[in-house]
Amino acid sequence: MLKRKFDSSGIACLLFMAAISILLVLAIDYYLVTTASSVNADVAGSYTPGSYTASADGYGGPVDVTVEIGEKGGISNMTVTGEGETPDVGGMAIPLLRNAILTKQDADVDAVTGATFTSDAVKLAAAEALAQAGGPEVDSGPKAPEGDLFIPGTYTETATGFGGPVDVTITVTEDKLEEVKIAGDQETENIGSFAVDMLDDRIMEAQSPHIDALTGATVTSNAILAATRKAMRDAGADLNAFPAKEEEEVAEKGKEELDTDVVIIGAGGAGMTAAINTAQAGKDVILLEKMPYAGGNTTKATGGMNAAETHYQAEQGIDDSVEQFVEDTMEGGHNINDKDLVTTLAENSAEAIDWLDSIGAPLPKVSFSGGATNARIHAPEDGSGVGAYLVTSLLKKMDELDINVMYDTKATSLISKDGTVTGVKAESRDTEYTINAKAVILATGGFGNNEDMIVKYRKDLKGTVTTSAPGITGDGIVMAEDVGADLVDIEQIQLHPTVEQKTSMLITESVRGDGAILVNQDGKRFTDELLTRDVVSAAELEQPGSYAYIIFDQRLRDGLKAIEKYVSTGITVQGDTIEELAEKIDVDPATLAETLKNWNQYVADQNDPDFGRTTGMDHDLSQAPFYAIKIAPGIHHTMGGVHIDTDARVIDKDGNPIPGLFAAGEVVGGVHGGNRLGGNAVADVVVFGKIASESAVEYCDK
């Protein structure tokens, strides 16, 4: 009954609330527009009647403003367009600024907090349009001498990225951009950090700020480009004098044929693990990645890696077993998992931890996660997100091994001859590749960022936010089907209960595992917070508004580095007392204080009489300040995919292995059944990434 309610009415309620929010924003916008227009239609003023248009540079590109001056010389109407502005920041600010200017009959209005770049652009463009109508001339800043691009010097500007401030420093001569330095230490590692590392060269190469954002790191990219444009204006530049974005080349692509032992499709955790293991076995390997950087969904992982009977558990006195790991995973997956695959996962998990030790990626911090009987989830020592940590370590090892990674290169099909897979067709921006290989490993991830594919299998999830990386679009599943592969559990799609809805940022399960609680808008707990993800998600959707708050304290923050990202991104709310926190999130202070008092007593007694929670109760929540993050469920993992056996061989519809084809990671179905336990995805990519490479190497040697 709970599952049915979760799949239909719960999701419907969540989507209904989202629709109401959008309609409310549109209604406010309409009200501001119609009210301002009707009030000011016949207002008197000193401007010359007519229509005047000007443009200024905003956060994501040009912002265009048109002012209409009525017969009596006042501003009768005003339109503002800024397609590149962030919808829930600059986009929300535009109608507010428009209304303020219409009301004041002047462009000199206050900026909207949090939308400085957009505000400045609207105000500047409006002032320039009004100047055309006879208003005062606008001081638009320094101007380079005629014939020059810049006033020589060094200039620095700042914009707000995904995780915090991004600084851009440019050095210019009269006619050239000499240097670009970008600093953004708070941007998401191996996502936004790639934009920080890569866009300086791209700006320099183009000698222009008019370049495309880095795919998958749009917010960070836009911040970098906005700060670059502002710094150039400080240097006296006319941005219209710089080259626009180059159009995509339409010339015929070149063709190239490559030969290798093993080709791996997808440079996420499974693909990188397989590539390293293959190279260490002495085989030539090519790793294809359609994105401009590695990581995939592994970068998004924040909790840790489940493993049983590890040396870290033994050193910390934690009693666990492979058998219990299997039992927990089967129960969590509603017993529709392939038990042979689950057993393989559990039996090889401790060895996978040892392998990570060997490549310089130890995971010594062990704690509880949802659905686990024992402390089993292994994380970095400092509590930082496991995904970005592992991606960095895997990339470093691949560099040491000089593995050939072809970025911005998308696999388009598998080459199959007489039922045997013998290579891959792929293409980059300017080249079509035929890659001949003795073995192919699919590691392309799931389809969590392909709404059409989501809806194909689960119509009830249409419109639900996703935590998946932008490249997770199901390509490998489609390619495997084209050569006869069988699919299993394809309709099994998991919601994660703690997703911040505006940013789609996942709040790691380790927050709850380290002692956080969930409360609803009434300030009350409503579930055992460490039940399986599907159950907790369903419980959230039954609460008022279909959302909840995750509550934690300073001690928990100090022990879990991942929280610093939530703070710097601005999604946390902080209060020096629990009552102050309650007021800030519009919860009754007395109720939330009582909830916390009761919870702290339950921790002291090691007994939760309300919901029977037994794990993640090592510390109470008593150290001020206190924190809250508003969360709701979001698509987090697609459990279904390609059918494999315990050797990671892809199985066809007749139940036979497809020669030459192997698979690992989220592209595979059967491991997680109807619900994935937190910590099992990282175990999956490492364990089966290794197994796929070992099987591929063995196949090459036949």
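Keep in mind that the model is predicted.

Three strands form an open sheet in the order β4-β5-β6, and their pairing is antiparallel. The edges belong to β4 (153-160) and β6 (177-183), each of which pairs on one side only. From one strand to the next, the twist averages 15°. Look now at β4 and β5 (residues 165-172): these strands pair in the antiparallel sense over 8 bridges. If you find E157, you can look across to V168 in β5, which stands opposite. Helix α5 (residues 218-234) lies across β4, β5 and β6, and its direction makes an angle of about 145° with β4.

Between β4 and β5 there is a loop, and G161 lies in it. Is G161 buried or exposed? Its relative accessible area is 10%, so G161 is buried. Which residues touch G161, if we leave aside neighbours within four places in sequence? They are Y59, V166, E187, V219 and A223. Sequence and space can also be set side by side here: G161 and K143 are 18 residues apart in sequence, and their C-alpha atoms are 28 Å apart.

The axes of α9 (residues 339-347) and α20 (residues 680-700) come within 9 Å and cross at roughly 90°. The two helices are therefore roughly perpendicular to each other. On the α9 side, the contact is made by L341, T344 and L345, while α20 brings N680, A683, D684, V687, F688 and I691. Sorted by class, the contact has 6 nonpolar, 2 polar and 1 charged residues.

Now for some backbone details. Most residues other than glycine have a negative phi, and most peptide bonds are trans. With that in mind, visit the loop between α19 (589-605) and β22 (626-638), where P625 lies. The peptide bond from A624 to P625 is cis, with omega near 0°. Q606 is found in the loop between α19 and β22 too. Although Q606 is not a glycine, its phi is positive, at about 55°. Q606 is partly exposed, with a relative accessible area of 49%. A648 is another residue to look up: it is not a glycine, yet its phi is positive, near 65°. You will find A648 in the loop between β23 (641-642) and β24 (649-651). How accessible is A648? Its relative accessibility is 0%, so A648 counts as buried.

The loop between β19 (517-519) and α15 (533-541) holds N520. At 6% relative accessibility, N520 counts as buried. Not counting residues up to four places away in sequence, N520 touches F526, Q543, P544, Y549 and V587. Helix α15 is itself mostly covered, with 8 of its 9 residues buried. Among these buried residues are R533, D534 and L541.

R533 leads us to the last topic, salt bridges. How many salt bridges does a search of the whole structure find? The search finds 25. In one of them, the side chains of E509 and R533 meet, at 2.8 Å from N to O. E509 lies in helix α14 (residues 509-513) and R533 in helix α15, so the pair ties together parts that are 24 residues apart in sequence. Both partners are buried: E509 has a relative accessible area of 5%, and R533 has 7%.

A second salt bridge joins the side chains of K253 and E427, at 3.8 Å from N to O. This pair links distant parts of the chain, 174 residues apart: K253 is in the loop between α5 and β7 (254-265), and E427 is in strand β14 (residues 420-427). K253 counts as partly exposed at 27% relative accessibility, and E427 counts as partly exposed at 29%.

K584 forms a salt bridge with E580, and their closest N and O atoms are 3.3 Å apart. Because K584 and E580 are 4 residues apart in helix α18 (residues 578-584), about one helical turn separates them. An α-helix has 3.6 residues a turn, so residues three or four places apart point the same way.

Methods:
Residues are numbered from 1 along each chain as its sequence is written. This is a predicted model: local features need pLDDT of at least 70, side-chain atom pairs count only at pLDDT 80 or more; totals for chains, interfaces and linings use all residues. Side-chain values use heavy atoms; hydrogens and water are left out. Two strands pair if DSSP finds at least two bridges between them. Axes are lines fitted to C-alpha atoms, for helices over the stretch in contact, and angles run from 0 to 180 degrees between N-to-C directions. Contact means heavy atoms within 4.5 Å. Buried means under 20% relative accessible area, exposed over 50%, partly exposed in between (1.4 Å probe, protein chains only). Angles under 35 degrees count as roughly parallel, over 145 as roughly antiparallel, 65 to 115 as roughly perpendicular and the rest as oblique. Ala, Val, Leu, Ile, Met, Phe, Trp, Tyr, Cys and Pro count as nonpolar, Asp, Glu, Lys and Arg as charged, and the others, Gly among them, as polar. A salt bridge is a side-chain nitrogen of Lys or Arg within 4 Å of a carboxyl oxygen of Asp or Glu.
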